[in-house]
Amino acid sequence: MSLSDHGPYPASDGYQEAIALDREDPLANHRDRYARGDSSLIYLDGNSLGRLPQAAIPVIEDVTERQWGDRLIRSWNEGWWELQVRLGDKLAPLVGAGPGEVILSDSTSVNLYKLAMGAMGAADEGRSHIVTDDLNFPSDVYILESVARSHGGDLQVVASDGVEGPVGELNQAIGERTALVSLSHTAFKSGYTYDMTEITDMAHRSGAMILWDCSHSVGAIPIDFERSGVDLAIGCTYKYLNGGPGSPAFLYVRSEHQERLENPITGWWGHRSPFDFDLEFTPIDGIRRFHSGTMPILSLAAIEPGLDDVLDAGSGAIRSKSRLLTSYAVDQWRRHLAPLGFGLASPREPERRGPHVALGHEMAWAITRAMIEDAHVIPDFRAPDNIRLGLPPLYTSYADVHTAIQRIKLVVTEEAYLAHLGDDAVVT
Ligand SMILES: *Cc1c(COP(=O)(O)O)cnc(C)c1O
């Protein structure tokens with residue numbers, strides 16, 4: 001059975017409205033800048049792996065064939081050595097950072113470890129605790145816990161209702177023993193998005209530093225570290241920046257903290273003169289001291305075209321569309337899916353909602369599998385009962401959302417999910 005045979009539903013109620021919204025979309029011209037191998041597939045998982053920018057293809061060809069194949073080791077002096085700094089400076093305006101405050105480096109997880117360790121090492125006597133919340137990405141929680149333990153402190157995970165950030169409870173939890181507050185700016189599951197300035201001020205009032213994980217917001221929501229007074233931040237480049245699978249992450253250290261914080265992974269890329277091969281470690285000045293070892297140049301180079309397209313669109317315009325698109329999805333959910341037992345697992349207030357919408361259903365796993373296998377719609381599943389609809393504004397249309405919702409409806413009304421109750425998969 002193929003539910004996608006039901007097509008784009010031109011005849012269904014509301015399709016013309018979606019088409020009209022697409023016609024007025026000022027970002028509609030970005031859609032074709034992304035590879036679309038299968039035009040009937042509705043891809044709503046750009047929040048886990050963004051689409052391939054067409055412009056990345058010749059860049060990847062050049063970095064392999066010419067830079068690696070022909071120029072070989074000479075390429076290190078022809079742009080490779082500086083690439084992580086140059087791309088960091090290019091990313092900086094998206095997050096309200098100045099030159100020399102952002103670099104591309106390692107993975108988000110490793111960057112979290114490096115900056116959290118740095119913050120804990122610089123904390124005042126008597127401050128050894130870290131505060132986070134239960135909306136945070138579990139991997140971040142594991143790392144923060146290990147960092148707290150290695151400083152003789154502990155991690156407090158503030159409980160939420162599973163959707164909205166527990167702002168009042170955080171305020172209670174942050175105190176005179178707190179060294180660091182670390183949260184996801186946009187929560188990976190519900191999409192709840194904190195007011196960055198409000199929470200940063202809250203941490204600072206108690207004398208703690210703040211470290212934001214912007215993996216689910218960078219490239220989709222305007223961020224201003226400078227104005228918000230943010231100390232430290234990290235984030236992913238393979239989600240809304242479309243950098244490619246496993247592309248290196250970014251890290252931000254406010255310039256006034258750069259000489260004060262130590263990188264716990266003191267590798268040669270953070271050394272003042274790496275090619276002296278001196279046995280003593282002397283950190284280089286500035287943001288580069290947060291580097292450790294050799295960067296994966298092929299993956300790093302592939303980030304630039306996606307970054308260029310986000311900069312070209314502008315984060316204000318991206319956010320404006322994102323608000324409309326998620327509101328449209330919520331409206332479609334209310335009309336077509338709520339009557340079928342789907343709950344909304346994202347904030348109702350558009351301002352607090354990030355670029356994806358989460359739906360809850362007790363059969364979420366089997367429905368997700370049927371969406372992928374039978375209905376040609378790719379969302380993702382987050383245990384135990386969450387279906388995430390990622391709606392990256394640069395390449396998602398209102399018609400995509402409309403059609404996806406109609407196909408989800410069919411998966412349930414035609415009971416296509418019943419054939420998938422026992423499905424298994426490693427990556428969900
Ligand atoms: C995607 C994501 C990560 C990914 O970390 P990796 O080191 O790339 O595996 C980390 N934190 C958050 C909040 C994320 O959403």
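Reply: L72 lies in the loop between helix 2 (56-68) and helix 3 (83-91), where helices are DSSP runs of H or I with at least four residues, strands are E runs of at least two, and both are numbered from the N terminus. L72 has a positive phi of about 50° although it is not a glycine. The model is predicted: local features need pLDDT of at least 70 and side-chain atom pairs 80 or more, whereas totals for chains, interfaces and linings use all residues. Residues are numbered from 1 along each chain as its sequence is written, and side-chain values use heavy atoms, without hydrogens and water.

Me: Which residues surround the ligand, and how is their shell divided by class?

Reply: Among them are S107, T108, F137, D140 and K239. The shell has 2 nonpolar, 6 polar and 3 charged residues; Ala, Val, Leu, Ile, Met, Phe, Trp, Tyr, Cys and Pro count as nonpolar, Asp, Glu, Lys and Arg as charged, and the others, Gly among them, as polar.

Me: Why is the aromatic pair of Y194 and W212 called tilted?

Reply: Rings of Phe, Tyr and Trp (its six-membered ring) pair if their centres lie within 6.5 Å; planes under 30 degrees apart are stacked, over 60 edge-to-face, and the rest tilted. For Y194 and W212 the centres are 6.0 Å apart and the planes form an angle of 55°, so the pair is tilted.

Conventions: Near = heavy atom within 4 Å.
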